[in-house]
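Dear colleague,

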Amino acid sequence: ASAREREEQRERSRGCCDEEERARGERNESARMENMEKIKNLKMPKGSGRAGAGLGALLGAAGLGIYTLSNCLFNVEGGHRAIVFNRVVGIKNDVYAEGTHLMVPWFERPIIYDVRLRPQQISSATGTRDLQTVNITLRVLSRPKPTALPQVYRTLGLNYENRVLPSIITETLKSVIAQYNASQLLTMREAVSAEVRRRLTTRASYFNIDVDDVSIKELTFGKDYTQAVESKQVAQQEAERAKFWVERAEQEKKSAIIRAQGEAESAKLIGKAIANNPSFITLRKIEAARHIGQVISRSNNRVFLNTDSLLLNLSELEVGKAR
């Protein structure tokens with residue numbers, strides 16, 4: 001019975017909630033209908049349509065003016081130049097410098113060129129005058145002539161450096177390298193760069209391109225030539241070493257001759273001294289005895305030796321009168 005009562009209470013509470021939800025929905029619907037009626041009955045004041053039309057026209061004119069002004073101007077950044085393409089006459093001959101410039105919208109459009117120095121690096125394998133293969137890498141700084149940009153665009157377009165420079169750089173490089181030996185490329189590197197720049201400047205001027213600098217970045221030879229150079233260097237070092245030993249032997253020979261001559265001259269002088277004065281031998285004995293005494297005196301040990309063998313019997317020496 002208690003379970004049935006609880007079930008009936010839940011049924012009654014659920015019914016009450018449904019009735020409240022239904023009532024709330026009816027109230028919302030009635031409020032929405034009232035708002036719609038108010039909006040329908042709302043009347044615009046007199047002259048408001050004319051003012052709105054004037055405001056719309058003003059906004060449209062302002063937008064059209066901003067659009068026209070933004071499309072009438074173009075900017076040229078630093079280090080750039082511009083030319084203008086006209087739909088009627090084509091490319092104009094005028095070149096526009098840095099700054100802001102005017103143009104006719106839709107009929108004209110600007111074409112911007114970067115006239116700053118741009119590096120171009122070309123690697124090529126070519127032959128020298130002595131038929132040696134050399135791998136050389138050349139770095140070229142170039143830019144278009146600012147005054148000739150209309151002609152550059154007509155003939156080459158915007159990508160002018162990739163259309164012209166690789167071919168003329170390779171051809172000029174091979175023609176110059178063929179005039180030098182492999183060894184001259186190492187010793188005359190600056191002269192080779194100057195010659196390549198001179199010829200390349202002449203060739204590039206035909207296409208209205210200025211070449212400001214040319215430098216050789218890398219220069220390597222073939223494996224056979226490198227081995228030959230190394231073998232030559234080894235042979236030269238061995239020849240220099242042999243030359244050194246010959247010169248050393250000659251110097252030692254001269255030194256021995258000079259030493260023998262000095263000893264013979266010394267013996268000759270000593271013989272003359274003894275012949276002239278027999279006391280010369282006694283003087284040499286005294287000098288030898290003095291030296292031996294100094295050596296023994298510096299020793300920390302006690303030494304007992306025969307004075308006859310050490311030339312210390314100076315009292316028995318007979319010193320004669322010099323002649």
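I begin with Asn208, which sits in the loop between α6 and β8. The model is a predicted one, and the remarks below should be read with that in mind. Asn208 has a positive phi of about 60°, although this residue is not a glycine. Is Asn208 buried or exposed? With a relative accessible area of 18%, Asn208 counts as buried, because the limit for that class is under 20%.

Strand β8 is part of an open sheet of three strands, ordered β6-β7-β8 and paired in the antiparallel sense. The edges of this sheet are β6, covering residues 118-127, and β8, covering residues 209-221; each of them pairs on one side only. From one strand to the next, the twist averages 20°. Between β7 (residues 133-144) and β8, the antiparallel pairing extends over 11 bridges. Within this pairing, Val134 stands opposite Phe221 in β8.

Two helices lie across this sheet. Helix α6, made of residues 189-205, lies across β7 and β8 and runs at about 140° to β8. Helix α4, made of residues 160-177, lies across β6, β7 and β8, and its direction is at about 40° to β6.

A further open sheet of three strands has the order β3-β2-β5, again with antiparallel pairing. Its edge strands are β3 (90-91) and β5 (108-114), each of which pairs on one side only. How many bridges join β2 and β5? Strand β2, residues 80-86, pairs with β5 in the antiparallel sense over seven bridges. Phe85 is placed opposite Arg109 in β5.

Trp106 may also be of interest to you. This residue is found in the loop between β4 (99-102) and β5. Like Asn208, which has a positive phi of about 60°, Trp106 has a positive phi, here of about 70°, although it is not a glycine. Trp106 has a relative accessibility of 60% and therefore counts as exposed, the cut-off being over 50%. Trp106 also contributes to a nonpolar surface patch of about 550 Å², together with Val88, Val89, Val104 and Phe107.

Val76 has a relative accessible area of 5% and so counts as buried, the class being defined as under 20%. Which residues are in contact with Val76, once its neighbours within four places in sequence are left aside? They are Arg81, Ala82, Tyr96, Ala97, Glu98, Gly99, His101 and Ile112. One of these contacts, Ala97, lies 21 residues from Val76 along the chain, and the C-alpha atoms of Val76 and Ala97 are separated by 6.8 Å.

Yours sincerely

Key:
Residues numbered from 1 in each chain as written. Predicted model: local features only at pLDDT ≥ 70, side-chain atom pairs only at ≥ 80, totals over all residues. Heavy atoms only, no water. Pairing = 2+ DSSP bridges. Helix = DSSP H or I, 4+ residues; strand = E, 2+ residues; numbered from the N terminus. Axes fitted to C-alpha atoms, helices over the stretch in contact; angles between N-to-C directions. Contact = heavy atoms within 4.5 Å. Buried < 20%, exposed > 50% of the residue type's maximum accessible area, 1.4 Å probe, protein only. Patch = residues over 30% accessible without salt bridge, like charges linked within 9 Å, V, L, I, M, F, W, Y side chains within 5 Å. Areas by Shrake-Rupley, 256 points an atom, 1.4 Å probe, with all protein chains shown as cover. Salt bridge = Lys/Arg side-chain N within 4 Å of Asp/Glu carboxyl O.
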